[in-house]
Amino acid sequence: MNLFIEILHTLKATIIDVIPILSIILVFQLFVIRRPIPNVKKVGIGFFYVLFGLALFLLGLEKALFPLGKLMAEQLTAVEFVNSNLQLAGGYSWYDYYWVYIFAASIGFSTTIAEPSLIAVALKAEEVSGGAISANSLRITVAIGVAVGISLGSYRIVVGHPIQYYIIVGYVIVVIQTFYCPKLLIPLAFDSGGVTTSTVTVPLVAALGLGLASTIPGRSPLIDGFGLIAFASLFPIIAVMAYAQMTQIKTQKKRKKHKKS
Amino acid sequence: MNQQFLTFLKAFIGSFKDLLPIILVIAFFQFVVLQQSMPNIGQIMVGLLLVVLGLTFFIYGLEMSLFPIGESMAQAFARKGSISWLLTFSFCLGFGTTVAEPALIAVAKEAAEIAASGGIIGVSEQAQLQYANGLRYTVAVAVGFAIVLGILRIIRAWPIHYLIIGGYVVVVIMTAFAPNWIIGIAYDSGGVTTSTITVPLVTALGVGLASAIKGRNPMIDGFGLIAFASLTPIIFVMIYGMVLS
């Protein structure tokens, strides 16, 4: 019974969040386009499914994954945990936090796989490309990008380098890749940077960043705690473009082989 | 009925597979690395069931509602031929969906608390609220602007990489001038703006528009709206930081 009430509460909150979007759509549909929405009943039911699904999803995350994930991020960055692995006395080195990097990579990968926005974009890309891009391989590629990004971002917090150097180097890599990447995939690659970080990833990753920055001596949460999300949105771009290039090179090699034989 | 149930079951199993990696990661770290027992296992199981069910419903409803709405609106606007209405709609969509975005509200609040403890702004609740709201509106305007720019790009067929690279250059130059404490928040704000409802809607809008306009390729021109929405907030938030200091 309690659960039922909680579901209703979350559903209400989700509906309130959606009211701005819904009213914008309705106002433009009715006053500017001046046409009824096609299949209005089906769309309405589908919209309810989306809201209901999102409410269940958020409540479930709140109940099961977030408390545990956040607690883990705190425990892994806590001084006692890092200390117990430490053999030598004296200051910490960046590699004493190796569990943090592993955790960052695996939580980045796994939350990205479950990210609903990414699923939506991947489905659309598969549909538009006529199946040439598989939704699952796109998601896995993006997830690898996020994993690398968050792990590198945690390393940055531990060593205390300024974020801008990393981001700028990342930008330079993206720019260079843009010239070699198959043109068809560039927009999708850029998009995949933005969609990776949403409902599931942001709360966990933000907790990890702030936890790291507040436990490591000499780091301030103000300057160092933020920035993990930026890494998580930059590296998928690189990963998707790299994947596209690799696929291109492979097909070219195949073609050459065909010609020879 | 049976058929429908089967489709649902298939989707349910698919969602479970999507979630499996998280379950494995959390279990591994809890038992093997941290060596702790699972607290209130019952609640966690219920939570996991809700997550899987929720994801199933979400994806099921996506193809029924958000995708068709986005596409039909794009086609209607293309038929109407009024660019100014389309751009107004784009701005409203970007601004409206971002300003109420829970993830952004949470991050803005957190940023305000940290800024107050860092002595950048006053400690009073009002100063913090003002800062958080300012941040929110800045990001929302940035996203509105981004969708407008992205839609214009689809209409005019500008190549995306020049715009994005130009944006990167602006970010890099501004980083040199923006105060240190805003940089991390600025870079992050690009990532948190795109919510779970906005992304499918905006993607369908772009793809729909690119398919409705002759000579546009939905793959090349249709995607890319989200990319702008995650770049402009970085620039706008840095401006916000520069104005404040």
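## Aromatic pairs

Rings of Phe, Tyr and Trp (its six-membered ring) form an aromatic pair if their centres lie within 6.5 Å; planes under 30 degrees apart count as stacked, over 60 as edge-to-face and the rest as tilted. In this predicted model, a search of the whole structure gives 24 such pairs over all chains. One of them joins B:Tyr131 and B:Trp181. The pair is tilted, with 6.5 Å centre to centre and 45° between the planes. B:Tyr131 sits in helix α6 (residues 125-156) of chain B and B:Trp181 in helix α8 (residues 180-192) of chain B, so this pair ties together parts 50 residues apart in sequence.

## Basis of the model

This is a predicted model: local features need pLDDT of at least 70, side-chain atom pairs count only at pLDDT 80 or more, and totals for chains, interfaces and linings use all residues. Residues are numbered from 1 along each chain as written, chains are lettered from A and ligands numbered from 1 in the order written, and side-chain values use heavy atoms, without hydrogens and water.

## Chain A

Chain A has 11 helices and 0 strands. Helices (H or I, at least four residues) and strands (E, at least two) are DSSP runs, numbered from the N terminus. Along the principal axes, the C-alpha atoms of chain A fill a box of roughly 70 × 70 × 30 Å.

The domain assignment (automatic or from a database) gives domain 1 (1-62) and domain 2 (77-260) of chain A. Their C-alpha centres lie 31 Å apart.

## Salt bridges

A salt bridge is a side-chain nitrogen of Lys or Arg within 4 Å of a carboxyl oxygen of Asp or Glu. Within chain A, A:Glu6 bridges to A:Lys63, with the closest N and O atoms 3.2 Å apart. A:Glu6 lies in helix α1 (residues 2-33) of chain A and A:Lys63 in helix α2 (residues 40-77) of chain A, so the pair links parts 57 residues apart in sequence.

## Interface of chains A and B

In chain B, 98 residues are in contact (heavy atoms within 4.5 Å) with 94 residues of chain A. The buried area is about 8500 Å², and carbon and sulfur atoms give 81% of that. Buried area is the accessible area (1.4 Å probe) that two parts lose on being put together, summed over both.

The interface holds 2 salt bridges. One of the salt bridges pairs A:Arg139 with B:Asp18 at 2.7 Å, N to O. Helix α2 (residues 41-64) of chain B supplies the largest share of the side of chain B that touches chain A, 18 residues.
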